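Subject: Handing over the structure

Dear colleague,

Please find below the structure that I am handing over to you.

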Amino acid sequence: MDSQDSIQSSKLGRMATLVGTGAQVSFNYLKHYGRTAVGGSDDRTALHAENADAVYKTFSKLKGGPLKLAQMLSIDKNLLPPAYAAQFSQAQYSAPPLSYPLVERTFRREFGKGPTEIFETFSRDAAHGASIGQVHRATLDGREYAVKVQYPGVAESLRSDLQVVKPIALQILGLKERDVAQYFREVEERLLEETDYAMEMRKSIELSDATAHLEGIRFPEYFPELSSRRILTMSWVEGMPLDKFADGPASQETRDRIGQALWDFYEFQIHELHQFHADPHPGNFLINGEELIVLDFGCTKQLGDDFYYKHFRFLDPAMITDPGLLESAMDDMEIFLETDTPQQRAEMVKVCLNSISQLAQPFRHESFDFGDKDFMESLYVLGSANRESPALKNLRGQRGSPHGIYVNRAYFGLYSLLVRLRARVKTRLPDWIGGVPA
């Protein structure tokens with residue numbers, strides 16, 4: 001992949017680029033509406049393809065918040081028109097890396113030295129380029145290191161980037177800003193944390209130490225003395241990306257072991273630590289032999305006890321058979337508004353009942369076969385039905401806690417990875433479900 005020799009790092013320059021792309025998207029919509037008004041087809045396939053290409057090219061060049069947002073949206077294909085899903089899915093794996101002079105500039109700003117003045121060897125070409133930074137391979141005193149270097153300007157311009165990206169995202173998703181303001185604030189807060197590599201270092205050490213006892217899990221070693229707010233150094237680890245492993249010839253026994261390690265990793269973090277790795281895309285996991293290697297703790301989420309118990313209360317099997325209990329739980333989660341009619345409440349209870357019946361299936365069994373093709377397809381069908389539901393389309397207002405965004409993202413990503421692995425996993429409800437919280 002060709003490298004970028006420059007990146008727009010000034011706030012005004014980045015805003016101008018994003019505004020230009022937003023204007024192009026709006027103009028394309030106006031052209032489409034004009035053709036439709038004079039008797040043309042309302043088929044938006046070509047419109048979405050043209051806009052998706054323009055938006056992704058801009059996000060890819062600017063990197064940072066815009067590209068990270070594309071990555072997040074691409075995890076659930078039901079959120080986006082197919083053209084956007086296809087373009088944005090590229091953000092899960094790689095982005096054009098920056099050229100070496102820009103990397104050296106970041107080192108001199110952070111350490112007052114170039115990479116080769118700190119390491120014995122340092123690869124001029126990036127081993128991997130992503131949304132917030134890129135990874136280079138280095139050696140020192142006989143050890144190999146992975147050095148993540150943040151792209152210039154992405155931290156300083158993230159808030160302004162998101163303010164300009166927001167109208168584009170809302171237009172793609174068909175949402176109103178007044179209904180999603182608190183959710184965008186949650187996303188902004190997590191993305192700001194991802195630009196602080198010193199914080200990522202602390203969380204990486206904390207969470208890897210807390211989960212190191214789990215069977216089949218391994219983590220890189222982290223080196224604070226070779227790191228800063230914009231550079232993070234860890235040990236180089238060999239392995240096959242999880243998606244390539246999953247698509248390969250691995251035995252069912254090995255798939256099951258990797259899948260169990262992945263399931264246990266998330267369940268322990270969420271239900272024991274109430275803090276978890278919230279970026280479950282394939283590029284953040286490697287497979288070496290029968291071990292799962294967990295990379296990149298840049299995006300993590302801490303859950304307060306009050307939200308945790310209210311949210312996971314929906315796993316209680318009694319919710320399926322007792323509509324009154326389900327409605328009470330939805331009230332506790334502030335899903336209903338005072339302006340909702342009895343009919344709207346009844347429709348939302350019906351949608352919620354159908355959703356938890358599908359999403360909680362893995363918890364209803366001692367073990368669950370994620371190789372069942374019908375399972376993930378049923379979730380896609382559910383998501384599509386909910387998106388097109390007249391009852392939900394007409395709802396307005398901010399409903400439910402923004403803390404649920406990253407919990408839902410973690411589980412949808414986890415389910416997607418396990419389905420790709422075709423793993424059979426031992427599952428169970430958290431001990432407190434159906435009783436008094438511990």
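A salt bridge here is a side-chain nitrogen of Lys or Arg within 4 Å of a carboxyl oxygen of Asp or Glu. Please keep in mind that this is a predicted model, in which local features need pLDDT of at least 70 and side-chain atom pairs count only at pLDDT 80 or more, while totals for chains, interfaces and linings use all residues. Residues are numbered from 1 along each chain as its sequence is written, and side-chain values use heavy atoms, with hydrogens and water left out.

With that definition, 28 salt bridges are found in a search of the whole structure. In one of them Arg 190 is joined to Glu 189, with the closest N and O atoms 3.1 Å apart. Arg 190 counts as buried, at 6% relative accessibility, where buried means under 20% relative accessible area, exposed over 50%, and partly exposed in between (1.4 Å probe, protein chains only). Glu 189, at 43% relative accessibility, counts as partly exposed. Both residues belong to a network of salt bridges that also links Glu 186, Glu 193, Lys 203 and Lys 301.

Another salt bridge is formed by Asp 331 and Arg 345, whose closest N and O atoms are 3.1 Å apart. This pair links distant parts of the chain, since Asp 331 lies in helix H14 (residues 323–332) and Arg 345 in helix H15 (residues 342–359), 14 residues apart; helices (H or I, at least four residues) and strands (E, at least two) are DSSP runs, numbered from the N terminus. The side chains of Arg 399 and Asp 340 also meet in a salt bridge, at 2.8 Å from N to O, and both Arg 399 and Asp 340 are buried.

As for the chain overall, the secondary structure comes to 18 helices and 13 strands, and 52% of the 438 residues count as buried.

There is also an open sheet of four strands, in the order E5-E10-E9-E7 and with mixed pairing, where two strands pair if DSSP finds at least two bridges between them. Strand E5 (217–218) and strand E7 (240–241) stand at the edges, each with a single partner strand, so one side of each is left without a neighbour in the sheet. E5 pairs with strand E10 (residues 291–294) in the parallel sense, over two bridges, and Ile 293 in E10 is the bridge partner of Arg 218.
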